[in-house]
Amino acid sequence: MTNLLTPQKLAPPGRRLRRERQAAESAARTRHVADQLAEASGRPAAQVLQDLQSTPAGLSYGLAQHRLERDGANVLTPRSAPRWYAQLAKAFWNPFILVLAVLVTVMFVQWLQVAGEEPFDPKIAILGAMVLISVGLRFWQEYRSNSAAAALQALVTTTTAVQRLAGSGRLPTTVEIPMDGVVKGDLIKLAAGDLVPADLRLLTAKDLMVSQAALSGESLPVAKADTRFPDDGQRLTSDPIEADNLVLAGTSVTSGTATGVAVATGPYTYFGSMADALTGERPQTGFDTGVKKVSLLLIRFMLVMVPVVFLINGVTKGDWAEAFTFAVAVAVGLTPEMLPMVVTTNLARGAVALSRRKVVVKRLNAIQNLGAMDVLCTDKTGTLTEDRIVLDSYLDIHGEPDDEVLEYAYLNSHFQTGLRNLLDQAVIDRMHEAEEVVVDARFTLVDEIPFDFARRRMSVVLRRNDADGPAGEHILITKGAVEEVLDRCSHLTGGGRRAELTDTLRRQVLHTAAYHQRQGMRVLAVATRTLPGGPDGGQEARTAYGVADETGLTLVGFLAFLDPPKQDAARALGALADSGIAVKVITGDNELVAARVCADVGLEVGTVVTGAELDGLDDRQLRTLTRTTTVFAKADPTQKARIVRALQADGHTVGFLGDGINDAAALRDADVGISVDTAVDIAKESADIILLEKDLMVLEQGVLRGRLTFGNTIKYLKMTASSNFGNVFSVLAASAFLPFQPMLAMQLLVQNLLYDISQLATPWDRMDRDYLRTPRTWDARGIGRFMLVLGPTSSVFDITTFLLMWHVFGANSEVHQALFQSGWFVEGLLTQTLVVHMLRTRRIPFVQSRATLPVMVMTAAVTAIGLYLPFSPLAGVLGMQALPMAYFPWLVATLASYCLLTQGVKTWYVRRFGSWL
């Protein structure tokens, strides 16, 4: 068998090996727990109680408390929100912030050495302000998000019914206790709607149906039964999910009642054994890797440019201390220090917008991954289907619709006195209210033969109250599994004719049932028998019936049930396809059901691949298979996660939508894990995004918001990187030829700070509609190319400004350097600020695409501040002087020319490379 623990492609070798080892250890623990549960399933109930040192009446309170202290609470290892100081430290953990922090520290240490001789260096305060603004905003957004999530989790309390021994007489009493107080040996009372708090060996059960979808992915509930001696009807299996007399933690009771003894709790349950693989270090997602690549690109560029600027200034000016300070300012200019803040604000705004659409974002980074997602893997139950059972058709023995079959089925479901399961409710829901009144009036319940696991059928006996048959005649109506009902039939009826059930006819009706089973439906058979019910030979009317009476039945037809597709599923899938997202269905249900549902919602099913087939494939073969396969069925948790990793290794950004325990590993490995608020706790814990409604249309809106968030982030990054590169390119050119610095370090820092402030409005900007149509991912090479092409464009006009100030305004000596520096400061700041509108769209700005009001206001404000500074009282402190009025016509011409050139370069760039942002 191939190794199922394929590492995710993005993980570095050390982390990859750790994940492989952890996954292997978790798989071994799961197998060990499964073996122990299989042993408990195979032993008599009395032996199980003895092994657990429990009694048929339960544990005493003292013994239960002792075991709770010894074994710990019945919970998995919780992942609590990090402390505030840990979140604050994490907010600093960004390469750009660290660079700035180092620069601030170096400058502060330098100032300390001369603190008694020189005043405090304001450049330190400016750099410090940059760091604090970025870190503070990021910390506040993430702290609020984590606090809100923790508060919501604290509101949820779940209890369970436990039988304990109380009082001096040690009387058994049933009490409700929190689930985390359950211990091994406790007797648990289950009823419809209950969550199973631990792995239980059933002691008694009546009409028990359990939903195991969270563990197995099967949409329909399964029957469970207590063990009798001998164990009639019990299947021997090593899979605890398949064991008839085990119910496992994480499942839920849909109908019936039961009592079971807890054989495992907390991390020692079957579910708990899988949880270790879902905790600890999370795989890196596309967002994490993209940010890292872009950061490394800009840092490498900085490590090259800053020493060059330092050497050129030191050699040409001879003042190495001033050259160092200037190089520090250049390093700051090259650092997109507001990137963490812009990213966090973008993501926080996205989270707020999504919350209005009933989407809760647990991990802010997931919003960008949602926009980058190009493959969505999803379970079918509740996503493509309505997550409810309906009666699809009621058929005679030939497979034709027959109302009589529905009537008999309704009588069987309506008159039974036990807890109705989902199939019974589906039958009742199919009858019209008026018809129910008429049918009810025609019959009276005499007796019933309850469902049990060995027979897999149930019967009711009714007395006719009208003239449809002999007065007082009894009719036995049986409904159950096809094979089991047929075994009790001697005749069948169809088209008004009753005939003996021959071998040939048996094969024909089995073929009819099998056809609908192949369509993904659950099929039940309905049969009847007429019995004399009135006084006979002086004997009283018969009132009691048993299993022996379920013979000589007449088959009347079949019932076909399914979990119907959602009405808007096809429209939602079409919307996702239009957004460039391929949908792949990965389910634990069988291939027939999966194929039927996917075909009904318009997916190209093709060949359905089962989990068993995946086990025979190596990683390369699986990657090839995922390119052409849409539906995977009977997939276990490890196989689901492996499919996700194969898609990621093939270059896709993968989302996974699931709500069960069997989805948790895939939710964790996916670039963006999506769950619903009704999901099991471990699924919600593993997910990045929680949908309050399991609706793909809501998800499609989240995708668009994710792309908007990413677009605004990449917009800031490309504009800032190209602008800063252009400035440094200009600095290099000027430093090599000017007898003074083209701009003071203080001026560079102030210019950079003002530009950063203007970018605070970026998260409130919009993106062009065509940008939102396709998935968007980080492209470090694209950012580098953008920077190298657009950066020198601004340098052209920086150099024309140098020539203007030198030749036209006579700022050609150290005496007039303040005028030169003031002129370039204003031109540089305005081109940086106004060009935002040129670069934010591939269209013609202001005509075909306009920025939002916050962006326009911030642009105007920073432009006004930049123009005012040379005339302000701060001019002397900043080393500036007032500019002559003749300068401003030249400035307007420069800005207009810059916009025209930038639009031309943009048009060429889009044609050449096929993309812009």
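These legends walk through several close-up views of one predicted model. Local features need pLDDT of at least 70 and side-chain atom pairs count only at pLDDT 80 or more, while totals for chains, interfaces and linings use all residues. Residues are numbered from 1 along each chain as its sequence is written, and side-chain values use heavy atoms, with hydrogens and water left out.

View 1. Helices (H or I, at least four residues) and strands (E, at least two) are DSSP runs, numbered from the N terminus. Of the 917 residues, 55% are buried; buried means under 20% relative accessible area, exposed over 50%, and partly exposed in between (1.4 Å probe, protein chains only).

**View 2. Eight strands form an open sheet with mixed pairing.** Its order is β9-β24-β23-β22-β10-β19-β21-β20. At the edges, β9 (359-361) and β20 (609-610) each pair on one side only; two strands pair if DSSP finds at least two bridges between them. Strands of a sheet pair through backbone hydrogen bonds, either parallel or antiparallel. Look for β22 (residues 654-657) beside β23 (residues 672-676): they pair in the parallel sense over three bridges. Here L657 has I674 in β23 as its bridge partner.

**View 3. Helix α28 is mostly covered.** This helix spans residues 817-834, and 25 Å separates its first C-alpha from its last, close to the 26 Å expected at 1.5 Å a residue. The expected span is 1.5 Å times one less than the number of residues. Of its 18 residues, 16 are buried.

**View 4. In helix α1 (residues 13-42), D35 and R31 sit four residues apart, about one turn of the helix.** Their side chains meet in a salt bridge (3.4 Å, N to O). A salt bridge is a side-chain nitrogen of Lys or Arg within 4 Å of a carboxyl oxygen of Asp or Glu. Both ends are partly exposed: D35 has a relative accessible area of 35%, and R31 has 40%.

View 5. K715 belongs to helix α25 and D765 to the loop between α26 (745-758) and α27 (780-808), 50 residues apart. K715 is buried at 1% relative accessibility, and D765 is buried at 6%. Like D765, R840 is buried.
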